[in-house]
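Here are my notes on the structure, point by point. Please read them with the model open.

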Amino acid sequence: MALPLENEGGLMTGRALFIGVSEYESDGFVSYPTVGRSARALQQLFDASSLWDESRLLENPVRDQVMDEVRSTLDQCEPSDVVLIYFCGHGELPRWRDHPSELHLALSDSGFKDESSQLPLHHLYDALRKCLASAKILVLDCCKCGDVPVLSNEDVEGDHAPDERTWVLKALRCGELYAAAGSADDEYTAFSGALIKVLGGGIPDGGDLLDVDDVFEELLRSLRRGGFPRPEMIRRGQGSLRMLENADPAAEQRLHEVLAEASSADLARMWLGMPGIPAHMIEQHLRTRLRGGENALELAHRMHDRDEDSPRLRDFAKLLVSHLEDIAGGTARLLTSSGCRKCANFAGTVLEQAAALSADRLAAFHAALVADEPEIIGLEVDLAGMVAGDRLAALVGEPEEQVAEGADRMLRVFASIRPIADLRELLSALYARGEHFAVETVLANAALARPPAEAAEFARLLRGTAEWEIGKLVVRKRLPQDLAAFVAAFGPEADSVMRRLLAVAVEDSSPGDLIRVARALRSRGFTDAPVATVERALHHGSPPADVCALLDGLAGCAAEQRDAIEGLFRAHLREASVEELEFFLRRKDFLGRSDDLVHDVVGSREIEDVIALHRHAADEDAELAWSITRAVARTHKAQHLMRFARERPDHAENLFHEVGRLRDGDVIGLLLKMWHDGDSGPHIRQTGLSDGWFASVVPPEVLLDARMFLLDLDGKKGKLMDDVLRKVLQEYPHKLAPSQIASLLVALPAPSSRKLSETTRPLVRKLDDEFGEPPVTLTYLAQLVKAVSEYRLPVTEDLAARIDEAVYNRDDAALHRQYAAELGKNGVPDRQHEFNRRIHS
């Protein structure tokens, strides 16, 4: 049991709480390692004293944690106890000071200039005033503590002034500026360092116990000699207050000499727990040895050999990373590669402590850990699995290039292995700091290094631009099967995600890659992926050669998908430029090049485009040119036909033959009219169009339709077709069936006797000349007589009589009898009887 603390001859129990804040989440507060070392050293001094029952250390706490610990300490106090609260860190004066004790203490989670996140000093005073302890000591080592009225020896009244049992020892008196907290090479802050020296080294010629007044006087002299700001003590309590045992300076010097001569292994054993030697002194020597290049691996090995589970091992890890972070990183590498399981476990403990370091010190540890290794190492992965996202975000903001490179490595690993919730926290911190390049690094590694389903989950949670960026990275950098798995993970939204990402793929991927993407998506159940891929490629304006390669590669898809692709492709061709259309039509790989396809994509175009397309095709692809000609013929637009014939005279004859074959009477009628009117210009006579062409090419029934069209259009124009009909009858009767000849004759206007003769005589002469050659046979002639006899018109009677006469004039009795028989067979008995009477008379 601890010895009692004496005050005014009475016996007291001591409780002490030491609070050190050396690391801050906010960039506005500078982190000083000396603060943490000061708090630890003082706590160790009080912990080693027999005068204090309890001495606890609270490092880098958040606001709520501080008051919980303070109340826990104060609530245990009895009226006979003494309590000490020590704070070392940043202090700030609020903009509006409602209380004379208004000073705000900055804690680990406090924001710079954010008063709501800081701890008002009067909260501590309130808690101390309610405490039952007979004596209370408050020690403040922070800036601004000299500017608070109640923290001075002025006579201040109010609820927030210290009560009559409180001593306040502070680093500054009114008007003094705070001394710099020291560089990384300094051991302690100026004020706390002097206090440690007094309490640890003792006061020469002093009593056995150090009274608070003696301590302050020695502290004041020490700081004045060093040129530091003068401290101040507010003495509200009565009587004397013993703080610690007075150390013998000569004995302390001898102890330092012993420690200096001890081996590093002996120091490690002492530090693990040798009674009678203050831990802070051993720690000081250890730190000096390690800083000078002593092998930390050997020390760690000796320590865990003695007690693998010793809390001192964790303390040793904290010692390494807190004050020797640049050495600790290399030590962790050595521990891992030593082949010792216990050393490897200790390396993990070192990493845990390093993960809690401030940004600049974490950067130093990381640099030593990777040691210029270009590839990510296992320890680096372990460290990234421990460090908090906001701490890593602070590391990103460091300006030094080496630190920035280390941060980039850590970001890549962090994004690859940490849970999605941690990634969101990290991104929030990076966005808040404006670190957009770092955000891109996180998104890239989340997209590329994680399983596709996890990358999709992350993207879905982020939404907006970040989601889109992850999707684009997956498209551009990952395998098609990974992309398909990524899309599938979106569930009900997968189809829309697929289409958006295909838009990215067609911009950056080759046709071969697009084909593989479409197939991978189809294998994942996206049956319309081939169609969507082609649609995106056409919409994007991919080069024709790429589109053709894509079409060829997807030709083996299901019939339904192939039909849909063909529909998309045809729709695209209808709007394509002449050059692009020609490129597509000259290929036959995917859809072939049927007349139906050519007509579909050509028929609705302006005739100027069609003529240009035909002109290009005719030079290199006669088959395509002929298909275009047929497509023009099928447009049923006489103006286009005549324009085409005029511009492409070498192909006019083929055009008009095709027009005639299509049997469209209205178009034929318009062509005839335009030809006679000369509407298409002076070159129309060179196109092959003429009465003879109409007569020789166009089927009779189409000519009759054309005649009716012209009569409806303009009665006088019907005569144009009458001339054509006569020409047909006079020059091409052998190409017509008997019924066709009859219909043409009947369609002509009733001729006069002279015109009647001019119509039938040349017809019979032509048939007579062609007799004996199919189809002009006796049977054909008998059928013709039969066909015309049904109309009983002068012209038909005249034609029948002239046919009988022509046969009769042939000097061949057998031929005559055969003809008479054919008349009978074909149902013209009256003409048979008349012809028999004539040949027998």
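1. Aspartate 64 is exposed, at 58% relative accessible area. The residue sits in helix H2, residues 63–75. With Glu25, Asp68 and Asp109, Asp64 makes up a patch of negative charge on the surface. Keep in mind that this is a predicted model.

2. Strand E4 (residues 81–88) is another matter. Eight of its eight residues are buried, so the strand is largely enclosed by the rest of the structure. In a regular strand, side chains alternate between the two faces of the sheet. Here Asp81, Val83, Ile85 and Phe87 point one way, while Val82, Leu84, Tyr86 and Cys88 point the other.

3. Which strand pairs with E4 in the parallel sense over seven bridges? That partner is E8, residues 135–141. Within the pairing, valine 82 has alanine 135 of E8 as its bridge partner.

4. Now the charged pairs. The whole structure holds 34 salt bridges. In one of them, arginine 15 meets glutamate 54 at 3.9 Å, N to O. This pair links distant parts of the chain: arginine 15 is in strand E2 (residues 10–20), glutamate 54 is in strand E3 (residues 52–59), and they are 39 residues apart. Arginine 15 has a relative accessible area of 15%, so it is buried. Glutamate 54, at 17%, also counts as buried.

5. Arginine 15 has a salt bridge with aspartate 81 as well, with the closest N and O atoms 3.9 Å apart. Again distant parts of the chain are linked: aspartate 81 in E4 and arginine 15 in E2 are 66 residues apart. Both residues are buried.

6. A further salt bridge joins aspartate 508 to arginine 476, with 2.5 Å between the closest N and O atoms. Aspartate 508 is in helix H22 (residues 494–508) and arginine 476 in helix H20 (residues 464–477), so the pair ties together parts 32 residues apart in sequence.

7. Three strands form an open antiparallel sheet in the order E5-E6-E7. E5 (91–92) and E7 (119–120) are at the edges with a single partner strand each, so one side of each has no neighbour in the sheet. Two bridges connect E5 and E6 (residues 104–105) in the antiparallel sense. Glutamate 92 stands opposite histidine 104 of E6.

8. Last, phenylalanine 486 in helix H21, residues 480–488. Its relative accessibility is 1%, so it counts as buried. Alanine 455 is 31 residues from phenylalanine 486 in sequence, yet 7.0 Å away in space, C-alpha to C-alpha.

How values were computed: Residues are numbered from 1 along each chain as its sequence is written. This is a predicted model: local features need pLDDT of at least 70, side-chain atom pairs count only at pLDDT 80 or more; totals for chains, interfaces and linings use all residues. Side-chain values use heavy atoms; hydrogens and water are left out. Patches are made of residues with over 30% relative accessible area and no salt bridge: like charges are joined within 9 Å, nonpolar side chains (Val, Leu, Ile, Met, Phe, Trp, Tyr) within 5 Å. Accessible areas come from the Shrake-Rupley method with a 1.4 Å probe; for residues, only the protein chains shown count as cover. A salt bridge is a side-chain nitrogen of Lys or Arg within 4 Å of a carboxyl oxygen of Asp or Glu. Lys and Arg count as positive and Asp and Glu as negative; His and the chain ends are not counted. The place of a charge is taken as NZ of Lys, CZ of Arg, CG of Asp or CD of Glu. Helices (H or I, at least four residues) and strands (E, at least two) are DSSP runs, numbered from the N terminus. Buried means under 20% relative accessible area, exposed over 50%, partly exposed in between (1.4 Å probe, protein chains only). Two strands pair if DSSP finds at least two bridges between them.
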